[in-house]
There are 2 protein chains.
Amino acid sequence: MIPDRAARLLSGSNIAHFATVMGDGSPQVTPVWTGVEDGLVSINTAEGRIKHRNLLRDPRVAVSVASPSDPLDAAAVRGRVERIVPDPEYRHADALSRQYTGLDYQYRRAGERRVAVYVRPERVFVMDA
Amino acid sequence: MIPDRAARLLSGSNIAHFATVMGDGSPQVTPVWTGVEDGLVSINTAEGRIKHRNLLRDPRVAVSVASPSDPLDAAAVRGRVERIVPDPEYRHADALSRQYTGLDYQYRRAGERRVAVYVRPERVFVMDA
């Protein structure tokens, strides 16, 4: 369901950008790490963040990623949050962090409750080369 | 109005990601080049593109940018399209292209009508270092 080029961009070390919709219907977008598992795009965030509050209200989201070395190597996904999995042991955060940095997640904060968010792509665009 | 760190990220050669809202209220986000002029964030697109159709319908947009070499060096903007300027001579496209690549715009297509889109930031977030 995710074309190879998009999957490669979303499962490497390219910073992606994750868009949600605010309560007033306006868009919001911030940088994220992304992984790909079983045809779903995953990100990790913390409970209470703007993106988390938004996707609880409206599960429709979008993700965009481009290679910094070749901006024509880019992909965008529109889809829907299929599930949100609490990540108290930082397993998902550690896995994404290792994918991007080679190290376990370095930004633990006391009291922060991390969650893994899995997005089912509905439209995937791969940029024309 | 745009903090220095955000302005630097948005007026350099970092690929940014531009979010709009689809007619059904879901978000859409794609990579763009961005410039900063007189407190506005500018992008260049073509008439008829999804983002162009969306911002004509709803001028509320968002932009996210991160340094590929340091993802904690990142900024996000939420704002509103203030004006759309036809760019038939590719002046704005050339200026952005030179900013990013050092060359004039290389992707002219017959029949394509480029436009410069200027966004008034309403909220600017700079990531905690």
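**Exercise 1. The interface**

Task: In this predicted model, work out how many residues of chain B are in contact with chain A, and which elements supply them.

Solution: 
1. Count a pair as a contact if the C-beta atoms lie within 7 Å.
2. On that basis, 22 residues of chain B are in contact with 22 residues of chain A.
3. Next, assign the chain B side to elements. β1 (16-21), β2 (27-32), β5 (60-67) and β6 (70-86) each supply at least two of its residues.
4. Sort that side by residue type. It holds 13 nonpolar, seven polar and two charged residues.

**Exercise 2. The relation between the copies**

Task: Find what rotation and shift superpose chain B on chain A, and state why the copies meet through the same surface.

Solution: 
1. Superpose the chains. The rotation is 180°, with 0.0 Å of shift along its axis, and the RMSD is 0.0 Å.
2. The two copies are therefore related as by a two-fold rotation axis.
3. Compare the two sides. Of the interface residues of chain B, 100% are also interface residues in chain A, so the copies meet through the same surface.

**Exercise 3. The fold of chain A**

Task: Describe the secondary structure of chain A, and check its radius of gyration against that of a compact globule.

Solution: 
1. Count the elements. Chain A has three helices and seven strands.
2. The pattern is α-β-β-β-β-α-β-β-α-β.
3. Check the radius of gyration. A compact globule of 129 residues would have one near 14 Å; chain A has 14 Å, which agrees.
4. The C-alpha trace spans about 45 × 40 × 25 Å along its principal axes.
5. Look at burial. Of the 129 residues of chain A, 42% count as buried.
6. Finish with contacts at a separation of 6 or more. In chain A, residues 24 or more positions apart account for 67% of them.

Definitions and conventions. Residues are numbered from 1 along each chain as its sequence is written. Chains are lettered from A and ligands numbered from 1 in the order in which they are written. This is a predicted model: local features need pLDDT of at least 70, side-chain atom pairs count only at pLDDT 80 or more; totals for chains, interfaces and linings use all residues. Two residues are in contact if their C-beta atoms, placed from the backbone, lie within 7 Å. Helices (H or I, at least four residues) and strands (E, at least two) are DSSP runs, numbered from the N terminus. Ala, Val, Leu, Ile, Met, Phe, Trp, Tyr, Cys and Pro count as nonpolar, Asp, Glu, Lys and Arg as charged, and the others, Gly among them, as polar. The radius of gyration is taken over C-alpha atoms; the globule rule is 2.2 Å times the number of residues to the power 0.38. A residue is buried if 20 or more other C-beta atoms lie within 10 Å of its own, exposed if 12 or fewer, and partly exposed in between; C-beta atoms are placed from the backbone. Copies are superposed by least squares on the C-alpha atoms of residues with pLDDT of at least 70 in both.
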